[in-house]
Amino acid sequence: MDPLFLVLPYFLKQAKYWLVDQIMKDEDFPGCSTLLKCPRTLQSVHHIADEKEIGDQKFYKYSQEKTLLWLKKKVKQTVKALKSNNLNVGGGVQSSTFIRSKQAAEDYLRYAHGLLSDYLPGALSVELLKILGLPDVSTKAAAIEPPLKKRKLTDKPVEAEEDYTKFNSDSKDKKSSKMTAAQKSLAKVDKSGMKNISAFFAPKNKGPS
């Protein structure tokens, strides 16, 4: 493992130029300064930091631009190692030496990115996705997800658009309007004292024999 991954978290906290001994201080882990004893560490610091030399001393400040370029290079190296070991990392990968689809290339990049992200803060991992030209998984899923169907029914009660009671009153009015003139005249006659027509057809009571 590249020791620069272990040094990176300490540089991320620095927004000003400091001596490397000042940057690599941790009260919870005092032994972190031993990383500086590795010659490879000091030789690689320029990959993640801007360097300023004053006299015989060198000062460093974290650079996200340099860090992302270094991480992109690491991703490509990881992809190369995956292919050389004939490791299939996705359904689109056909072989370790020949990639037949754009999806297969993305599978390799995304897998390598995932391996390196185990050693990176979340925000830096997202920025690395962007520089690799890979869409975020959540964004990609949202893009292919079909829109939700609109609800055809609402929670509001259905109200009648017309007042159907008027049809009942209209029918009564129509019946009354269809009465003939004779029927109207008969309706006006005073019927008090008149017998009902059915009375003329009723059986007569027989007297005593």
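**Salt bridges, sheet and aromatic contacts in a predicted model**

The side chains of lysine 66 and aspartate 50 meet in a salt bridge, with 3.3 Å from N to O, a salt bridge being a side-chain nitrogen of Lys or Arg within 4 Å of a carboxyl oxygen of Asp or Glu. This pair links distant parts of the chain, since lysine 66 lies in helix α4 and aspartate 50 in strand β2, 16 residues apart; helices (H or I, at least four residues) and strands (E, at least two) are DSSP runs, numbered from the N terminus. The model is predicted, and local features need pLDDT of at least 70, side-chain atom pairs count only at pLDDT 80 or more, while totals for chains, interfaces and linings use all residues. Residues are numbered from 1 along each chain as its sequence is written, and side-chain values use heavy atoms, with hydrogens and water left out.

**Salt bridges**

- The structure holds six salt bridges, among them the one between aspartate 2 and arginine 40, whose side chains meet at 3.7 Å, N to O.
- That pair also links distant parts of the chain, with aspartate 2 in the segment before α1 and arginine 40 in helix α3 (residues 39–44), 38 residues apart.
- Aspartate 2 is buried, with a relative accessible area of 9%, whereas arginine 40 is partly exposed at 42%; buried means under 20% relative accessible area, exposed over 50%, and partly exposed in between (1.4 Å probe, protein chains only).
- Lysine 66, with 33% relative accessible area, is partly exposed, and aspartate 50, at 24%, counts as partly exposed.
- Glutamate 51 forms a salt bridge with lysine 58, the closest N and O atoms being 3.6 Å apart.

**Sheet**

- Three strands form an open sheet in the order β1-β3-β2, with antiparallel pairing; two strands pair if DSSP finds at least two bridges between them.
- The edge strands are β1 (18–19) and β2 (49–54), each of which pairs on one side only.
- Strand β3 (residues 57–62) and β2 pair in the antiparallel sense over six bridges, and aspartate 50 stands opposite lysine 61 in β3.

**Aromatic rings**

- The structure holds two aromatic pairs, where rings of Phe, Tyr and Trp (its six-membered ring) pair if their centres lie within 6.5 Å, and planes under 30 degrees apart count as stacked, over 60 as edge-to-face and the rest as tilted.
- The rings of phenylalanine 5 and tryptophan 70 have centres 4.9 Å apart and planes at 45°, so this pair is tilted.
- Phenylalanine 5 lies in helix α1 and tryptophan 70 in helix α4 (residues 64–84), so the pair ties together parts that are 65 residues apart in sequence.
- Phenylalanine 5 and tryptophan 70 are both buried.
- The rings of phenylalanine 5 and tyrosine 119 have centres 5.9 Å apart and planes at 50°, so this pair is tilted.
- Tyrosine 119 is in the loop between α5 (102–117) and α6 (122–132), 114 residues apart from phenylalanine 5 in helix α1.
- Phe5, Trp70 and Tyr119 form one aromatic cluster.

**Charges over rings**

- Lysine 52 lies over the face of tyrosine 17, at 4.3 Å from the ring centre, a charge sitting over a ring if NZ of Lys or CZ of Arg is within 6 Å of the ring centre and within 35 degrees of the ring normal.
- The charged end of lysine 83 sits over the ring of tyrosine 108, 5.4 Å from its centre.
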